[in-house]
Structures are given as structure tokens and as C-alpha cells.
Amino acid sequence: MDAPHFRGKIRHDFCSSGFWKTMNHVCTSIVCCLLFATNGLDVWAEPPSPQITVADDSPVASQDTHVKGDGGLSLTSQKPNIVLIMADDLGYGDLGCYGQKLMSTPRIDQLAASGMRFTQAYAGAPVCTASRSVLMTGQHNGHTPARDNVPHYSTYFEEDDVTIAEVLQPAGYRCGGVGKWSLGDTGSVGRATHQGFDSWFGYLNQDHAHYYYPEYLDDDDGRLELTGNAVSREHYSHDLLTDRALQFIRESHASPFFLYVAWTLPHFAAKDEDPDGLTVPSTAPYSDRDWDERSKKYAAMINMLDSDVGRILDLLSELELEENTLVIFTSDHGGHWSVPKPLRTNGALRGYKRDLTEGGIRVPFIARWTGTISANQTNRDVIAFQDMLPTFAELADASPPQGIDGISIVDAMQGKKLDSTREFLYWDYGHCRARYDQAVRWKDWKGIRLGAGSDLQLYDLASDVSESHNIAANHPKIVRRIEAMMDGAVTPSERYPIGKRYRGGPLWTREK
């Protein structure tokens, strides 16, 4: 796209398949930051070539902060297709290529073996809605429109918010999505088809997504009715989402496309649908294991996730799209505390979803682009969800909005040093809850503040990835510097008044 983006958007409705937007974004101040040093740590030991394998759980620091692999990346003039697959509540340790010992993930492991495995990738937030907002807007947790799962709003995006799809669509991309959107309900300006997507199938509301046997699914601006499905259990939603994703690829492969696969697996289910909170059609292939039933159900969810990643990869191969398609696989944040402990959902990392320790925000992140990204690479650059918008914009020859917090990671995928002008990463959580927490990663330092005004905890991730030793007392200057970063990272939002406890409930209920 030749013309630069400006803040603000002029909107035109064109057809029932979705709403197209032309953007005219009013210039905001350019974010100027210091160099973000990324000398980091691989939580798992370096896998040997050519097959991804995993050593023991002991974190091993490496002098190589960049890429292990057999070559670089050569970008072509042809705009690549982009398939972004994001699991829901998948932990850092749930995949074989990230250290999982009990559950098998052969298709995702092969994806990693044929591309690049990032070991220091971060979600946008420790909960679903905020993390997806960071992903879509390129703005970190202190700037993005949606900053937590509560308060509940019918829309989190407004007319002037700019998404990945709105950057790619004017650059000639057909944009489609399946799964959980979470950023705007039916009829609102925040719905996916009003935010740059030509099509969306699944759940616009995140509370609706707690049901794997729903009575309907959102289908563009209408519905696919599944009357009686809650009782008959004829249609498992994940299967429908996957079928629609495959359909989108078949219908779109002749021109550049962006497919956002926001699956709900392995997120917990509503207890009135499954008493264990883990709705699955069966526990195969783990039914005969000597495990408790909850472990079998969770493992079966991971197996379905893995198998359907394979179906997408197989279709790309069938259509001969592998050499012109960037495939990314990740998770929206860390695993949930309720996952049975023997499965070690977050591996060596401390904490879970809703925590700002590494277990809540560090995620698996795999990138494959056959013939462009060399196989079997491990990358230790520090990247985050806000980097996806500028990365995709560069690949599409489009201009990202000004004032975003993300950086392009195309250099990292090329096997080059990631030359970042970003000084630090920032997260927060609990604005309208009992406690407001903040976290900053600066170089290898990680600062966490549990509660407004509380003392900062400080960890050195290069030697303590499990965040077991608070060394704040030994580094008062570092503490003061990170506290200043925290204090300056947040743009106050009337929608998230810090310290004002939210007493409301979900806007979507099963009865509605």
C-alpha cells in the first residue's frame, strides 16, 4: 500500500459478506524508544538438527541470542499468504517441541522442525480479550483498547481502531477468520466483519465460546443455527471451525489471503456442559492410559488441535501453496491452573493464565515458510504479539498505523539480528479486579508489581527463568528504572478505572 495510514477511518458498507473499510488515520506521535537488548534464554536445551528433540527441563543460557539454522531468508516480490493459528489457553509446555513428555504433538513438532521455533515469544496479555486486542492492534497492554476480560462490553473496538485485517485488506488480501473473536459482539462496530475481515465464523463473544456444543455459531453478520445441538451433541464446534478454515483456503488461494484461525481448544468448557470443564467427543487416543479422566480429556483436546494443524498444512501442500504461505502457530497466553499437574502445561515456567510470571505470558511460537525460512531453527529473540501487525504489513508492502508499540520481526525470520528500537515489553492485569498487577521485561530483567503501590519483584531471566529468586534488594537502580517504565507505560482508560471493582456479569448467557 503506497499511501501512509492515518488515525481515523472512513467506513463504507459494500456487501453482506462483510464490511470493507478505507482508512485515513490521523497522525499521532511516533513512539521513540531505546534499543531493546535481547540476550536471552531458551527454556529448553538446543534441539539438534534435523529433528526437533527436547532435553531435560533445566534452563540453559546461551551466548547465541539469534538463530540456529542452515541459512537465511530471501523475500520475494510476491506477497505471501499468511495463516495465523492461535490456540486458546495452550501452555508453553504442552507441545513436544517445547518439552512435553506425555502428550504427543507430531504435526506441530514437524511444523517446528520445518521452520523456526521461537523460545522467547510473549502473548499480549495473560487473558484472552486483552491478548487478542494487542495482537490485532499492535499496541501493548497499556495502550490497546481491550485491557482485560472485565468489565464486559458489547464492543472493545471502535471506528478509529485499526486491526491487522484493515492493514492487509487494502493491500489486496482477502481476510478471513474462524474461532473466538472476543472484541465485539453481533451488531457492534467491533465485530470482525466491521474490522477488516471479509468473513468470520465462530464466536464473536468470548463467553459463548465456553460451549463446544453450541446452539448456533456466528457466521459473518448472521448465524449458523444448530438448534438442539446442546442436547444432541451432533456438531462439535472445533470440527466446524476447522472445516470452514479449510474452505476459506480453497476459496481464496488464487490471490493473497490472511487466515486467522483462533481455535478455542484447549480452553476450559462451561461446567454445565461438562462437569470437568473439558468437553471432548472422546478421550481417544488416550482412552486406555492409566490416567485420571481429566488428564485424558485434556490430552485428547491437544491431540485434536495437533491433528487439525496437520489438516491445514496438508491442504496447503495439496494446493502447492507451501512456498508462498507463512504459517504461524502460537497460543493466546499461558496454560490454565486447572490442567492436571502431571501434564506440566507450562513446563519449567512459574504461574498460569492470569499471572504475569512467565507461565502466564510466555507462549510457544512457530513460524514456517517453506523455501524462505530455513528448516530446524531455534530463535531466542524476544518478540511479542504486538509485533505481528508491523510484520505482516512489511510482508504485504503495506504501511502500519503510526504510534503502535510493535516492531517487524522479518529480520528475525531472515536469520538476522533483530534490530529493535523498543526498550522494553509491558503487561498489566486486574484493573477492575481485587488487585492490579504490572510487569516489565527489560533486557534479561523481569520486574513484577503485585498490587498498585507494592514493592517491585525483580528476576534475572538469564539465570532464573522460573522466577524463583527475587533479587530486587540487590539491584536498587534496576528496580527504580523498571518502576519508571511501568509508570510511564500506561495511557489511562475510562473503560478500565484502576481500583474500581467490577461487579457486573457476562453480557452473553446460554439462555439468551
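How much space lies in the second largest cavity?

Analyst: The second largest cavity holds about 40 Å³ of space. Before we look around it, two notes on the ground rules. This is a predicted model, where local features need pLDDT of at least 70 and side-chain atom pairs count only at pLDDT 80 or more, while totals for chains, interfaces and linings use all residues. Residues are numbered from 1 along each chain as its sequence is written, and side-chain values use heavy atoms, with hydrogens and water left out.

So what is a cavity? Rolling a probe the size of a water molecule over the atoms shows where empty space is left. On a 1 Å grid over the protein atoms alone, a cavity is a set of points where a 1.4 Å probe fits but cannot get out; a pocket is an open set with protein on both sides within 12 Å along at least five of seven lines; and lining residues have an atom within 4 Å of a point. Points are joined across faces, edges and corners, and the volume is the space filled by probe spheres set on them.

Sorted by class, that gives three nonpolar, one polar and three charged residues. Here Ala, Val, Leu, Ile, Met, Phe, Trp, Tyr, Cys and Pro count as nonpolar, Asp, Glu, Lys and Arg as charged, and the others, Gly among them, as polar.

Counting cavities of 30 Å³ or more, there are two.

Next, the charged pairs. Side chains of opposite charge can pair when their charged atoms come close. A salt bridge here is a side-chain nitrogen of Lys or Arg within 4 Å of a carboxyl oxygen of Asp or Glu, and the structure holds 23 of them. Take Lys-180 and Asp-88, whose closest N and O atoms are 2.7 Å apart. This pair links distant parts of the chain: Lys-180 sits in strand E8 (residues 174–180), Asp-88 in the loop between strand E6 (81–87) and H1, 92 residues away. (Helices, H or I with at least four residues, and strands, E with at least two, are DSSP runs numbered from the N terminus.) Lys-180 is buried at 1% relative accessible area, and Asp-88 is buried at 0%. Buried means under 20% relative accessible area, exposed over 50%, and partly exposed in between, with a 1.4 Å probe and protein chains only.

Lys-446 and Glu-467 form a salt bridge as well, at 2.9 Å from N to O. Lys-446 lies in strand E19, and Glu-467 in the loop between strand E20 (456–460) and helix H10 (476–489). Lys-446 is buried at 0%, and Glu-467 is buried at 1%. Elsewhere, salt bridges that share partners tie Asp-88, Arg-132, Lys-180 and Asp-332 into one network.

Strand E19 (residues 445–450) also contains Arg-449, which is buried at 9%. Its side chain makes a polar contact with that of Asp-487 at 3.4 Å. (A polar contact is a pair of N or O atoms within 3.5 Å; within protein, one must be able to donate a hydrogen and the other to accept it, and residues adjacent in sequence count only if both atoms are side-chain atoms.)

Last stop: Tyr-286, in the loop between strand E12 (257–262) and H6. Tyr-286 is buried, at 3% relative accessibility. Leaving aside neighbours within four places in sequence, Tyr-286 is in contact (heavy atoms within 4.5 Å) with residues including Leu-102, Ser-104, Trp-291 and Asn-303. A polar atom of the Tyr-286 side chain lies 2.9 Å from the backbone nitrogen of Ser-104.
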